[in-house]
Amino acid sequence: MHPALSVIFFTVASGAGYGLFILLALAHLLGLGDVDGKTLLWGGLLSLLLITAGLLSSVGHLANPKNAWRAFFRFKTSWLSREGVFAVLFYPFGFCYLLLAWLSDGAVGALTLVLGGVAVLLALITVFCTGMIYGCLKTIRQWNTSLTPTNYLLLGLASGCVVLVLVLLLTGQQADAMAGLGVALLVLAALAKGVYYFWMRTLSGPTINTATGFTRAQVRLLDAGHTAGTFLTDEFGYQAPLNQLFWMKVGVFVFGFVVPVLGLGAVLAGVGGGWFAGLAVVSVFVGVGAERWLFFAEARHVVNLYHGAQRT
Amino acid sequence: MKLGLVIDLDVCVGCHACAVSCKQWNTSGTTGPLTDYQPYGEDPSGVWFNRIRHYEVGDYPHNKTINFPMSCMHCEQADCVDVCPTGASYKREEDGIVLIDQDKCMGCNYCSWACPYGARELDRESGVMKKCTLCVDRIYDENLAEIDRQPSCVITCPANARHFGDFDDPNSNVSQLTRERSGYQLMPELGYKPTNQYLPPRLTRPVPTDDVKKKSLISSIKEWTNKAIAR
């Protein structure tokens with residue numbers, strides 16, 4: 001699949017934004033750390049900014065954005081529609097919760113608890129829906145697995161947690177508990193991603209034989225019937241060189257997991273102030289961006305079988 | 001009704017006439033125009049509802065060229081309709097035709113991702129998805145003579161490799177053809193239940209070769225010389 005920059009930015013930014021919001025609200029509501037009004041304000045604003053920038057970027061890849069408002073009306077069958085509905089539903093709850101918590105300077109009342117709890121739930125569901133948009137497609141075996149939404153949730157939470165550590169440090173709060181949680185989330189996300197990469201090597205599914213119905217002999221493409229590219233070859237024909245895929249995978253683990261874990265380790269050890277947390281944030285965005293690029297670049301749509309691929 | 005096509009791979013000659021007539025009819029039909037990009041440039045491209053590919057099946061000397069036309073299969077389990085967030089894509093209950101409402105489509109490409117047969121193509125000019133309509137603006141047109149109320153590709157095919165009809169009726173031409181010629185669906189394992197059926201090539205008697213005379217030494221040398229000398 002063609003790795004479109006707008007969709008990569010959308011899933012990385014909104015995932016981190018929702019992750020940041022979820023952990024900020026949980027830390028605040030469950031008292032996992034000292035979260036005062038200032039932290040809530042900056043952390044909350046940053047999460048809303050990331051989410052909104054991501055969602056706007058996703059509208060940017062539409063060919064006919066003037067009809068985007070219609071995307072809320074197929075909730076019953078479409079994961080894309082569900083994502084849109086939950087993303088919009090999240091805003092009033094998330095915004096009111098942040099406002100209320102900020103005005104009461106971090107005190108947790110019953111209304112704050114309800115609003116925050118609902119917002120956290122909606123944020124989790126939205127990220128799950130983002131994963132299911134890809135996970136539900138039977139045409140792309142690399143995506144058609146429960147690991148897809150799992151990875152979206154884990155990477156969103158892990159990257160959001162790394163950002164939250166930086167926000168806590170910048171607002172002068174104790175960040176040790178969150179840094180510890182961040183290390184745990186990063187390790188978990190790295191394991192899930194590793195499982196996904198190993199699982200992907202064992203796939204089997206439609207071949208050029210089942211695609212054409214000639215299952216008892218070798219089938220080769222003689223002529224695709226067109227001299228220039230088509231919508232199908234542009235959209236689905238993308239194939240990155242193998243060594244690029246390999247180095248991107250190395251990049252995912254180094255920048256996405258190893259460097260951020262070391263950065264948070266430095267925070268836990270009390271070395272370097274906020275600098276290492278900042279490094280961890282930059283690194284985790286680079287790593288998750290590479291992960292999302294690979295997610296698309298390694299996905300092989302079955303329509304490629306009709307253009308000569310022997311298997312997907 | 002379950003309207004669809006039967007495509008006879010035994011007689012398809014790969015002339016692309018169905019694709020051209022499809023383009024001609026539909027570019028001026030309800031979903032038109034089917035935009036062309038750089039039609040007179042170096043890499044002319046554009047929107048087509050029907051594409052023909054050519055395959056070689058088997059290894060020489062037991063090989064065969066198969067011309068393979070593909071358009072929308074009007075699947076019973078049409079995931080492209082389920083994933084559409086706007087409701088622009090829909091499957092008609094009365095005849096099973098899958099259509100796109102051009103006024104509702106937002107051009108997110110998601111339906112084309114869900115389609116395993118490559119039936120949907122985005123028109124970059126108008127920003128909406130387009131696909132085979134089974135010539136819905138033709139098959140019900142009572143101003144046309146009854147024989148002309150068929151999809152453009154079916155009428156055009158000079159080899160009579162395309163047939164149109166109702167698969168719900170066991171006595172329709174398409175149901176009979178499918179039954180008699182062991183018609184099959186493409187990629188049935190994905191579970192889309194495509195309506196269109198493909199008829200495999202008929203079995204042909206192998207041409208006997210045991211009575212062919214062996215080559216003489218002199219003709220072998222001549223043949224080798226002819227190959228070895230570049231002209």
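The following questions and answers concern a predicted model. Local features need pLDDT of at least 70 and side-chain atom pairs count only at pLDDT 80 or more, while totals for chains, interfaces and linings use all residues. Residues are numbered from 1 along each chain as its sequence is written, chains are lettered from A in the order in which they are written, and side-chain values use heavy atoms, with hydrogens and water left out.

Q: Is B:His74 buried or exposed?
A: B:His74 lies in the loop between strand E5 (64-70) and helix H2 (79-83) of chain B. Buried means under 20% relative accessible area, exposed over 50%, and partly exposed in between (1.4 Å probe, protein chains only). Because its relative accessibility is 0%, B:His74 is buried.

Q: Which backbone nitrogen does the side chain of B:His74 reach?
A: Leaving aside neighbours within four places in sequence, the contacts of B:His74 (heavy atoms within 4.5 Å) include B:Gly96, B:Ile97 and B:Val98. At 3.0 Å, the side chain reaches the backbone nitrogen of B:Val98.

Q: Which residue is the bridge partner of B:Leu5 in E10(B)?
A: Strand E1 (residues 3-8) of chain B runs antiparallel to E10(B), joined by five bridges. In E10(B), B:Arg162, B:Phe164 and B:Asp166 point one way, and B:His163 and B:Gly165 the other. The partner of B:Leu5 is B:Phe164.

Q: What is the relative accessible area of A:Phe73?
A: A:Phe73 sits in the loop between helix H2 (37-60) and helix H3 (79-103) of chain A. A:Phe73 is exposed because its relative accessible area is 52%.

Note on methods: Helix = DSSP H or I, 4+ residues; strand = E, 2+ residues; numbered from the N terminus. Pairing = 2+ DSSP bridges. Polar contact = N/O pair within 3.5 Å; in protein donor to acceptor, adjacent residues only side chain to side chain.
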